[in-house]
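Visitor: I am new to reading protein models. Could you walk me through a few features, one at a time?
Guide: Gladly; here is the one we will look at.

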Amino acid sequence: MVGKGRETYRKIITSPELTARINSENIKLMERFLKNFATKRSPKSVIVYKSNLTMFFTWNLTENDNTFFCNIRKIELAEFFDYCVEVLKWNPNRFSQMHSCLSSFSTWIENMYDDKYPAFRNLLPKIEKPVKDAVRKKSVFTKEELDKLMDWLGKIDKPQEQCLLALMMSSGSRVSELPRFTVDSINENSTAFEDLFLETTEEIQIKGRGVNGKKELRYIIKDTFLPYYKKWLPIREKIMKENNKSHNSIFITGNGSPAQTTTIRSWIEKWDNVLDKHLYPHSLRHYFVTQCIRMGLEPDFVKEIIAWSSSDMVGIYNDMTLRERNWKGLDKLKSALEKS
């Protein structure tokens, strides 16, 4: 359907030719920083930081005389971020990502090169970040809408995608976590919380600080997921046997190889065909949290099963409207009005 997608303006300012012309001293600082950064963060985070720093130094090359980083002034940093907003059309989230990257880079220089550049200070706290807001229209799905999608996947004979949708609806997992679920991690006898949830038999890597992120047990609403999982398993085994493949990934490609995140994203993109709203992976994470709260689960419980550090995240992901929420104080108001 036309107009459902979440469009993003993108302008590329980097190139191998320009990167080759970046001040060699800036390149040296960047490479040393990234080498140290890689000992603390995941490879994916290193890639993001390298991309951000290369972008900044490309702007510095073309717009700021290729100035050595330790000599860049506040006004020049401000001009860079003005460029990001005015020319690159960055939203507040993208702005903050670059701001954090340059701040981390500056703090590292301040700490590691205090003998060589004693006057250098991290100037990024002086650069005001814009207030974050919702820059894209959020898709909020009802159970009825997702049930319709599930039925459609059944009609076009996509049992694997039904299993994937069921896992997303019943676990709130990030899209990057989905390929990490294995047949070894799912056991229908491994349950928790009065047999309502499946508990994975092994920890699964989730988003978190550190080279390998962090690992946690994952919880899946049993009755929502298990029927589709059981339906998919024998079909999966047949495909793998026909292709002489042997591994424990739940989700697979047509030739039996483990499905990667890019493959799973491509399946999700097709689901738009039957929906009136744009479906993106994180919308199903919102759906899971909202359904848990709607069914009466406590925010602290939801926080624990998703492995968040703060219950504040539950409020962010809960998409129930003001009128849908259960306000206990209304009973007190009724009682007061009856007495008056």
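Visitor: Which residues in α7 meet which residues in α9?
Guide: Some ground rules come with this predicted model: local features need pLDDT of at least 70, side-chain atom pairs count only at pLDDT 80 or more, and totals for chains, interfaces and linings use all residues. Residues are numbered from 1 along each chain as its sequence is written, and side-chain values use heavy atoms, leaving out hydrogens and water. Helices are DSSP runs of H or I with at least four residues, numbered from the N terminus. Contact means heavy atoms within 4.5 Å. Here, Q160, E161, L164 and M168 of α7 meet I264, W267, I268 and K270 of α9. By class, that contact has 5 nonpolar, 1 polar and 2 charged residues.

Visitor: At what angle do α7 and α9 pack?
Guide: Axes are lines fitted to C-alpha atoms over the stretch in contact, and angles run from 0 to 180 degrees between N-to-C directions. Helix α7 (residues 159-171) and helix α9 (residues 261-270) pack at about 95°, with axes 11 Å apart. That makes α7 roughly perpendicular to α9, a label for 65 to 115 degrees; under 35 is roughly parallel, over 145 roughly antiparallel, and the rest oblique.

Visitor: How do α7 and α10 cross?
Guide: The axes of α7 and helix α10 (residues 281-294) come within 6 Å and cross at roughly 50°. That makes α7 oblique to α10. In this contact, L165, M168, M169, S170 and S171 of α7 meet P281, L284, Y287 and F288 of α10.

Visitor: How far does α3 reach from its first C-alpha to its last?
Guide: An expected span is 1.5 Å times one less than the number of residues. Helix α3 (residues 43-63), with 21 residues, reaches 30 Å, close to the 30 Å expected. Just after α3, D65 takes a positive phi of about 60°.

Visitor: Which elements do the buried residues of α3 pack against?
Guide: Buried means under 20% relative accessible area, with a 1.4 Å probe and protein chains only; exposed is over 50%, and partly exposed lies in between. The buried residues of α3 include Y49, L53, F56 and W59. The buried residues of α3 pack against α1 (16-19), α2 (24-37), α4 (74-86) and α5 (92-112).

Visitor: Which residues touch the most other members of the largest nonpolar core?
Guide: In soluble globular proteins, nonpolar side chains tend to be buried together. A nonpolar core is a set of buried Ala, Val, Leu, Ile, Met, Phe, Trp, Tyr and Cys residues joined through side-chain atoms within 4.5 Å. Of the 38 residues in the largest one, L29, F56, F69, L102 and I109 touch the most other members.

Terms used
Helix = DSSP H or I, 4+ residues; strand = E, 2+ residues; numbered from the N terminus. Nonpolar A, V, L, I, M, F, W, Y, C, P; charged D, E, K, R; others polar.
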